[in-house]
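Subject: A structure for you to look at

Hi there,

Here is the structure I promised to pass on. Have a look at it first, and then read my notes below.

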Amino acid sequence: MRPLLLLDNVSRAFQGVPAVHPLTLAIAEGRTTVLVGPSGSGKSTLLRMMVGLVRPDTGQVLFEGRLLTPESAPAERRRMGLVLQGGGLFPHLTVEDNAALVARYLGWAGPRVAARLQLLLERVQLPATVLRRYPAELSGGQRQRVSLLRALMLEPALLLLDEPLGALDPITRSELQEDLRATFRTLGTTVVLVTHDLGEAAYLGDTLVLLRDGRVVQSGTAEDLVRRPADDFVERFVRAQRALPR
Amino acid sequence: MNGLASVALWLLLAQPPVQVGSKVFTESVVLGEVTTRTLTAAGVPAVHRRELGGTRILWDALQRGELDAYPEYTGTLAEEIFSGKVSATLDALRPALASRGVRIAAVFGFADSYALGMKAATAERLGIRRISDLQAHPQLHFAFSNEFLDRADGWRALQRAYALPQTDVRGMDHDLAYRGLAAGAFEVTDLYSTDAEVQVLGLRVLEDDRRHFPDYQAVLLLRDAAATPPVLAALSRLEGRVSAPDMVAMNARAKVDRVPEAAVAADFLRARGIDTGKLALPGRARRLLGYLRDHLLLVGVSLAGSVLVGLPLGILAARRRRLGQVVLAAVGVLQTLPSLALLVLMIPLLGIGARPAIAALFLYGLLPVVRNTYAGLTGIAGELQEAAEALGVSRLTRLWRIELPLASPSILAGIQTSAVICVGTATLGALVGAGGFGQPILTGIRLDNVGLLLEGAVPAALLALAVQGLFEWLGRLVVPRGLRLGRPQ
């Protein structure tokens, strides 16, 4: 099967320090791929390469078989949705304007925008009243739901989430994990999610890609990682997920 | 509308009024009024552009044709304009002036020489009668008008001629120097022999025993291009009509009795058979309204320019960081120039009046706008910049819908700073004939008239406060509501 997105032999260094060593990674269509690893493992850099926010020093990025270039990136991004750790909502715009900005830019008619918003509000489980609110008036969890809504607005082929739950309290986090999983299942869309939490990765992901120091250490299902760790590091990373006594 | 009507009238008559200038001291202003009123009494339209600064500004304006006439002194012409290459006699000056397209339309009839003066009591106690007596008193403190300090025949030449040993020498405004002398802040200052203060403050004029100062006969310069028969005929009536006692008396009326120069001139001319008609001096409210209009013009146009140029420059600086550093440094240098210097630098390029003042204020107002636009745009949180970039809209849309609104509080604060600076600095515009609230301040300083000074200073301060208030209100209008709620996290 052709991958939806292919990182082909990409690498990247920041100020001479390598963040990603040359690697090739295929993102399978219709599945949820989770990039997991400790801080500084290069997972966020990889995610940003996929959306063109970071240019690889070597190699290339192919999205739906097309080469992602600085020129093509703006148009390609409209087929991608991005959710950032803090939500990345524009504080000067209401929830509605945040979500509908690009749709209106593309000339969607009012009723089409309204209908799409209505549908997505239900999907991310927000009341219609939030549409008129500003980001500063929302809770952290609500902000991430709005951010997800905004990312889904144009029915993207690829949904990218960078530590979307990293800044939330445990209860909200757990709720959102469930809602995210339900949403991914319902939509059947291709998802790439970045997290440092193996439990979250296992819960949400079909395929896990474990990264360390800019290299892929192991990829496979959560079960693969637990039962057949590729090396000592994987074993330690798995063991670091402390289970609570029940 | 008023402006348009007068412009239309101008074109209709096809004969612009004679532009009479004066320097920023009382005698020159009085002579400017006398000249203007003599012309209008003869049916020649004339306007007085008063208090335009020093010799250079007026001479250059005359050369460029912005002024047609102004009162000058022979000694100043010889030393300042012709750099001592022409002697200070009328016979020598007339051909020299003719080669520059200027003539002496009238010799007023009095000489006003530079001199040094001290309080009579101090001079008596120290036994000083002549300038050479100063050699024996190196401890004395001197304060001179800035022009006297700078000009070729001024302090440095005098110091050489008399071998004066004093080292404590300061420069200050001529009129303030009199106040300092009266208060005992220093003992010796330069003065003009026709200054009203010589009498009023009881000063001793030190004898110029080595004949250092040239003869400063007061003359009226006229541009050849403006020397039409009616103008020449009208101005010939001034020939030899102002004696030294006349001038001292007029200076004293204007300065000590605080009679407006226009009234002083009208009274003088009436006594000599030149009726200048009923004197219509505008009331205070009318005057203030005129100042306000001029001031708002200066501030409004220059601020609009600062914003129109500063905003794109700030955006450019934020986009191209390296170029941005150059832009910021350049507008920063403009800001470090003293505002007065910037103003005077504009005169050779733009002449006198509102234009050089607007240009200087525009340059002066750039930095706050550029810097705050740059800071506002570069200060947008990294995650918001990424989110904006990831939207997949054009750069222009991103700038217009996201980046500029996010930067708007900072940008607006920059424009506000610029506006407030502008309102204050615009008071200097009066020095180059731009009018505004600086005019009464300038006149107030010159006449030592606190009331007049406040007439400019208080409204200027109130205007600055009003501008401040206006921008607070604008802030509520322009800055998006979501930003005023405070940023998330």
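Chain A has 9 helices and 10 strands (DSSP runs numbered from the N terminus: H or I of at least four residues for helices, E of at least two for strands). Its radius of gyration is 18 Å, close to the 18 Å that the globule rule gives for 246 residues, so chain A is as compact as a globular protein of that length (the radius is taken over C-alpha atoms, and the rule is 2.2 Å times the number of residues to the power 0.38).

A word on the source: this is a predicted model, where local features need pLDDT of at least 70 and side-chain atom pairs count only at pLDDT 80 or more, while totals for chains, interfaces and linings use all residues. Residues are numbered from 1 along each chain as its sequence is written, with chains lettered from A and ligands numbered from 1 in the order in which they are written.

In chain A, 43% of the 246 residues are buried (20 or more other C-beta atoms within 10 Å of a residue's own, with C-beta atoms placed from the backbone).

Now for chain B, which has 22 helices and 10 strands. Of its 489 residues, 46% count as buried. The C-alpha atoms of chain B fill a box of roughly 85 × 60 × 40 Å along the principal axes.

How do the chains meet? On chain B, 23 residues are in contact with 23 residues of chain A (C-beta atoms, placed from the backbone, within 7 Å). α18(B) gives the most to that side of chain B, with 6 residues.

Enjoy exploring!

Note on methods: Two residues are in contact if their C-beta atoms, placed from the backbone, lie within 7 Å. A residue is buried if 20 or more other C-beta atoms lie within 10 Å of its own, exposed if 12 or fewer, and partly exposed in between; C-beta atoms are placed from the backbone.
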